[in-house]
Amino acid sequence: MAQLSVGFVIVLASDCLSADIAILTHMDWMFRIYGQGLTNCPIFPLDGSSAYCNQAGNSIALPFFMAYLHLMSKIFIIGATGYLGRHLVEASVKLGHPTFALVRPITASLNTEKINLIQSFRNNGVNILFGELNDHNWLVDVMKKVDIVISALGHEPSTQLEDQTRIISAIKEAGNIKRFLPSEFGYDVERLQILEPAKSVLAIKVKIREVIRKEGIPFTFVSSNFCCSYFLSRLGQVEATGIPTETVFILGDGNTKVIFVDEHDMATYAIKAADDERTLNKILYIRPSANICSLNELVSLWEEKKRTTLERIYVSEEEVLNKINETPEPWPFFYAISHAGFIKGETTNFDIDSSIGVEASQLYTDVKYTTVEKYLNRFL
């Protein structure tokens with residue numbers, strides 16, 4: 001028996017507390033401890049039986065608790081160790097979903113960071129599934145055991161996006177998936193006007209949408225706009241590696257409004273939307289009002305925080321087009337993305353059509369999203 005500091009007595013191998021959520025796995029048991037200072041601790045084994053431990057250490061059968069757990073959708077995340085995938089895994093676990101992560105078989109070439117990340121998933125109760133998307137029978141078998149599928153496959157190489165047809169095929173055969181969120185998490189690709197080389201890559205996402213609709217797969221498409229960690233960490237500079245200290249290059253006139261979203265918030269909104277009937281077969285637009293600003297406003301905000309003045313050099317649209325055509329890889333892709341957002345206004349130049357889309361921050365007002373102003377504080 002192990003005594004926890006808040007007065008719980010439960011059977012486990014080691015103690016663990018977390019201000020948010022702590023998940024441990026030991027033998028065939030999984031313990032979830034929600035918060036600190038609670039008077040009861042839910043305990044449930046993976047075999048489907050249930051118990052509840054009170055402060056006296058007595059196990060109490062609790063069928064309705066397991067009924068509650070049964071209602072929590074099982075979420076399968078593909079691309080779990082990638083740029084956004086790790087945030088999706090974290091959000092899924094934090095929101096109480098049984099979470100499954102597809103990981104390619106570990107090889108000697110796998111870097112230490114990925115190995116440590118996979119171990120951290122395990123430590124947090126995530127079910128690690130080693131496999132490949134080209135193993136159709138295995139993938140179908142996995143699909144039959146989960147409720148929601150989220151793809152966070154990246155675009156490098158773009159064949160990863162094309163591989164989502166394998167996911168769709170498995171979902172179709174399994175026949176039980178309640179929702180599929182394909183790899184989007186950026187622009188609304190069906191209404192986007194963008195230049196090459198980004199155009200061809202994002203066109204794959206359009207094709208994936210078409211296949212999903214054709215096959216009758218229930219979906220939610222997530223349009224989350226610009227990632228904070230990339231754009232805010234360099235004040236919108238494409239080729240910079242950090243926030244400039246003397247000179248800042250501003251694409252266009254710097255007055256076009258764009259939308260920035262913290263990756264953690266992207267994931268939280270996506271997980272909350274994944275089994276929400278209001279987002280079924282719709283586009284989830286993430287447009288937090290406090291995070292809509294221009295490059296000029298962004299630079300001014302940073303100058304105010306840092307108590308400094310940066311020399312602003314404005315880069316004309318013609319110069320940006322030249323950079324798309326002349327800079328070495330991978331910059332042409334990122335210049336095309338930036339051209340669409342910072343010059344053409346593709347994140348903000350339209351109103352949401354309520355017949356096909358909903359806005360996340362209005363739908364989930366309980367989410368305290370990270371504002372641009374607050375995000376910049378981490379670079380001070």
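Colleague: In which loop is P330 found?

Modeller: In this predicted model, P330 is found in the loop between α11 (317-326) and α12. The peptide bond that joins E329 and P330 is cis, with omega about 5°.

Colleague: How many residues of α12 are buried, and what follows from that?

Modeller: Of the 13 residues of α12, 12 are buried, so the helix is largely enclosed by the rest of the structure. Among these buried residues are F333, F334, Y335, H339 and F342. The helix, residues 331-343, reaches 17 Å from its first C-alpha to its last, close to the 18 Å expected. G345 follows α12 and has a positive phi, near 70°.

Colleague: Which strands does α12 lie across?

Modeller: Helix α12 lies across β14 and β16, and runs at about 120° to β16. As a general idea, strands of a sheet pair through backbone hydrogen bonds, either parallel or antiparallel. Here, β14, β16 and β18 stand in that order in an open sheet of 3 strands with mixed pairing. The edge strands, β14 (226-227) and β18 (292-294), each pair on one side only. Strand β16 (residues 257-261) pairs with β18 in the antiparallel sense over 3 bridges. In one of the residue pairings, V258 has C293 in β18 as its bridge partner.

Colleague: How many residues does the largest nonpolar core have, and which have the most contacts inside it?

Modeller: The general idea is that in soluble globular proteins, nonpolar side chains tend to be buried together. In this model the largest nonpolar core has 71 residues, and those with the most contacts inside it are F76, M143, V149, I167, F260, L298 and I337. Helix α12 gives the largest share of this core, 8 residues. Apart from it lies another core, of 38 residues, including A80, L117, M266 and L284.

Colleague: Which residues does V149 touch?

Modeller: Not counting residues up to four places away in sequence, V149 touches F76, I78, M143, I167, I171, I177, R179, F180 and L181.

Colleague: Is T268 buried or exposed?

Modeller: The relative accessible area of T268 is 13%, so this residue, being under the 20% cut-off, is buried. T268 is found in helix α9 (residues 263-274). Its side chain reaches the backbone oxygen of H264 at 3.0 Å. Leaving aside neighbours within four places in sequence, T268 is in contact with A91, L95 and V367.

Colleague: What is the phi of N281, and where is N281 found?

Modeller: Phi of N281 is near 55°, a positive value in a residue other than glycine. N281 is found in the loop between α9 and β17 (282-285), and at 39% relative accessibility counts as partly exposed. R307 likewise has a positive phi, near 55°. The place of R307 is in the loop between α10 (295-306) and β19 (311-315), and at 79% relative accessibility R307 counts as exposed.

Colleague: How many helices and strands does the protein chain have?

Modeller: The secondary structure comes to 14 helices and 20 strands. Buried residues make up 52% of the 380 residues in the chain. Of the contacts with a separation of 6 or more, 72% are between residues 24 or more positions apart.

Terms used: Residues numbered from 1 in each chain as written. Predicted model: local features only at pLDDT ≥ 70, side-chain atom pairs only at ≥ 80, totals over all residues. Heavy atoms only, no water. Pairing = 2+ DSSP bridges. Helix = DSSP H or I, 4+ residues; strand = E, 2+ residues; numbered from the N terminus. Contact = heavy atoms within 4.5 Å. Axes fitted to C-alpha atoms, helices over the stretch in contact; angles between N-to-C directions. Expected span 1.5 Å × (residues − 1). Buried < 20%, exposed > 50% of the residue type's maximum accessible area, 1.4 Å probe, protein only. Core = buried A, V, L, I, M, F, W, Y, C linked by side-chain atoms within 4.5 Å. Polar contact = N/O pair within 3.5 Å; in protein donor to acceptor, adjacent residues only side chain to side chain.
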